[in-house]
Amino acid sequence: MLELPRRNILLGAFGLAGLAAVNACGGTTAVPPTAESVRHAEALRRRPGQRVVTARLTPRPVTVDLGGPVVNTWAYGDSVPGPLLRARAGDLMRVQVDNRLPATTSVHWHGIALRHDMDGVPGVTQAPINAGSSFTYEFTVPDPGTYFYHPHSGVQLDRGLHGALLVDDPADPGGYDVERTVVLDDWVDGTGRTPEQVLKGLTEGSGKGGKGGGLTPLLGVAGDVAYPHYLANGRVPAAPVTLSAKPGQRLRLRLINAGSDTAFRVALGGHRLTVTHSDGFPVVPVTTDALLIGMGERYDVLVTVGDGVFPLVAVAEGKQGNALALVRSAAGTPPSASARPTELAGKVTLGTDLSAADAVRLQAKGVDRRHDLLLSGSTTPYRWTVNGKAFPDADPLPIEAGQRVRLRFKNMTMMFHPMHVHGHTFGLVRGGARKDTVIVRPMQTVEVDFDANNPGQWMTHCHNIYHAETGMMTTLAYKS
Ligand code: C2O
Ligand code: CU
């Protein structure tokens, strides 16, 4: 996403001191990444004898076979998605990133309530990682759950640059026999257009972005970009991955939407899904036919596997096409690449339909600070805003440590926006699910609460990467 413009970069080393100065307001200063309070918040997460999980990511240009189509792209290794990273809650993660891309990059740990200076936002939390340079991220992972990582630089997320990050719960009650992670993605890179060209097409109105989506009852305008492929774990539907299990086994699926402009409607033929977690946090379990997953959202579901071969279908909501994986417990002919299980037309669940499990429900508390976020925009010119301003010209939203904060996302457009908050997990008001990304449907308002307990400057934005990059992004600014 957008890096700060040159004028800020010039104000201080890496532009970080510059940001603090620019944001100064009413005699108080925005907490910078270098603040003592940031170090202190991390110190509170650390434990003696803390386990250290080390990993290395090497973003670089590669040629990848998507199961037929062979594409040149950028990825964290030889395949898409990138390597699965896994830790236990409370571990210290130390990830060295060696940038072999012909561009600056960064890595954001989506959904993790981590120390501000490791959040991976160039110009706000760190300097961009230059081509040929390295940066080591080091942070405690406080909460278990299903997360993912991706760059926070331009529209690089719409390349092959993303991977799952799973944080295990040492006290997980289990309740399943096998577990599989499914990363969903909308794919354009290497098919004649790069994401940067798609963005250029959108902003120049040349039509090169493609006509994205139609009108859908649930989401309004379904997207801005027509993608040639939709992938499950890096494969097109003609060459799907197989998730093996035995008949009768309980299968936990961790579903991640790493797409840039596509919500997926997910169902497993012949099965109902029991939703157990949303964005890593447990919910009061709900059984449904299908789930609607916005960009940046994650859901864990349980299924009791039947006897046979079943299509796990992720339809690109309001667009042409789908992603596919197979759940197989017996020999048999696989379903066709374009199978449409009847469950897709059954009960569809969204994050706003879920309630937090007791253990993670936000404590009842008076709201200390309220912020409205008016979501507006237009396609000609292609520009998306929060409170009438396009990032980086946004007005930061001031908050203070210790406050209960209520955000009101008011969607003034005919298109859905999956709104994401960095560094915190919010609760949908009135006992709704704990989440970090929530779909705000056209002309609707979604209210969320969170406790300001993680000092820093935290991006809050639409997880449609083309919306974020053209302005629908602001910051929650802790004041000191
Ligand atoms: Cu996954 Cu700022 O986003
Ligand atoms: Cu949006």
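**Figure 1. Polar contacts between domain 2 and domain 3 in the predicted model**. On the side of domain 2 that touches domain 3, the elements giving two or more residues are helix 4 (195–204), strand 12 (220–221), strand 18 (281–288), strand 19 (290–293) and strand 20 (298–304). Helix 4 supplies the largest share of this side, five residues. By residue type, the side of domain 2 that touches domain 3 divides into 20 nonpolar, seven polar and five charged residues.

**Figure 2. Domain 2 and domain 3 in contact**. The protein is divided into domain 1 (31–168), domain 2 (178–349) and domain 3 (359–478). The centres of domain 2 and domain 3, taken over C-alpha atoms, are separated by 25 Å. In this contact, 32 residues of domain 2 meet 26 residues of domain 3. The two domains bury about 2,200 Å² between them, and 61% of that area is on carbon and sulfur atoms. Three salt bridges are counted between domain 2 and domain 3.

**Figure 3. The salt bridge of Lys-435 and Glu-297**. Side chains of opposite charge can pair when their charged atoms come close. In the salt bridge between Lys-435 and Glu-297, the closest N and O atoms are 2.9 Å apart. A search of the whole structure finds 32 salt bridges.

Figure 4. Are Arg-45 and Glu-42 buried or exposed? Both are buried.

**Figure 5. Arg-51 and Asp-91, a salt bridge between two loops**. The side chains of Arg-51 and Asp-91 meet at 2.7 Å, N to O. This pair links distant parts of the chain, 40 residues apart. Arg-51 is in the loop between helix 3 and strand 1 (52–57), and Asp-91 is in the loop between strand 4 (85–88) and strand 5 (92–98). Arg-51 has a relative accessible area of 36%, so Arg-51 is partly exposed. Asp-91 counts as buried because its relative accessibility is 4%, under the 20% limit.

**Figure 6. Arg-60 and Asp-78 in a salt bridge**. The side chains of Arg-60 and Asp-78 meet at 3.0 Å, N to O. Arg-60 lies in strand 2 (residues 59–65) and Asp-78 in the loop between strand 3 (70–76) and strand 4, so the pair ties together parts that are 18 residues apart in sequence. Asp-78 is exposed because its relative accessible area is 61%, over the 50% limit.

**Figure 7. A network of salt bridges**. Which residues are linked in the network? They are Arg-86, Asp-168, Asp-172, Glu-179, Arg-252, Arg-254 and Asp-300.

**Figure 8. The surroundings of Thr-288**. Thr-288 has its place in strand 18. With a relative accessible area of 0%, Thr-288 is buried. Its side chain reaches the backbone oxygen of Lys-347 at 2.9 Å. A polar contact of 2.8 Å also joins the side chain of Thr-288 to that of Thr-349. Leaving aside residues up to four places away in sequence, Thr-288 touches Arg-272, Leu-273, Val-275, Lys-347, Val-348 and Thr-349.

**Figure 9. Two cis peptide bonds, Val-80 to Pro-81 and Thr-380 to Pro-381**. Most residues other than glycine have a negative phi, and most peptide bonds are trans. The bond joining Val-80 and Pro-81 is cis, with omega about -5°. Pro-81 is in the loop between strand 3 and strand 4. The bond from Thr-380 to Pro-381 is cis as well, with omega near 0°. Pro-381 is in the loop between strand 24 (369–379) and strand 25 (382–386).

**Figure 10. Positive phi at Asn-233 and Asp-279**. Asn-233 is not a glycine, yet it has a positive phi of about 50°. Asn-233 lies in the loop between strand 13 (229–232) and strand 14 (242–244). Asp-279, also not a glycine, has a positive phi of about 50°. The loop that holds Asp-279 runs between strand 17 (273–278) and strand 18. Asp-279 is buried, with a relative accessible area of 0%.

Terms used: Residues numbered from 1 in each chain as written. Chains lettered and ligands numbered in written order. Predicted model: local features only at pLDDT ≥ 70, side-chain atom pairs only at ≥ 80, totals over all residues. Heavy atoms only, no water. Domains from an automatic or database assignment. Contact = heavy atoms within 4.5 Å. Buried area = accessible area lost by both parts, 1.4 Å probe. Salt bridge = Lys/Arg side-chain N within 4 Å of Asp/Glu carboxyl O. Polar contact = N/O pair within 3.5 Å; in protein donor to acceptor, adjacent residues only side chain to side chain. Helix = DSSP H or I, 4+ residues; strand = E, 2+ residues; numbered from the N terminus. Nonpolar A, V, L, I, M, F, W, Y, C, P; charged D, E, K, R; others polar. Buried < 20%, exposed > 50% of the residue type's maximum accessible area, 1.4 Å probe, protein only.
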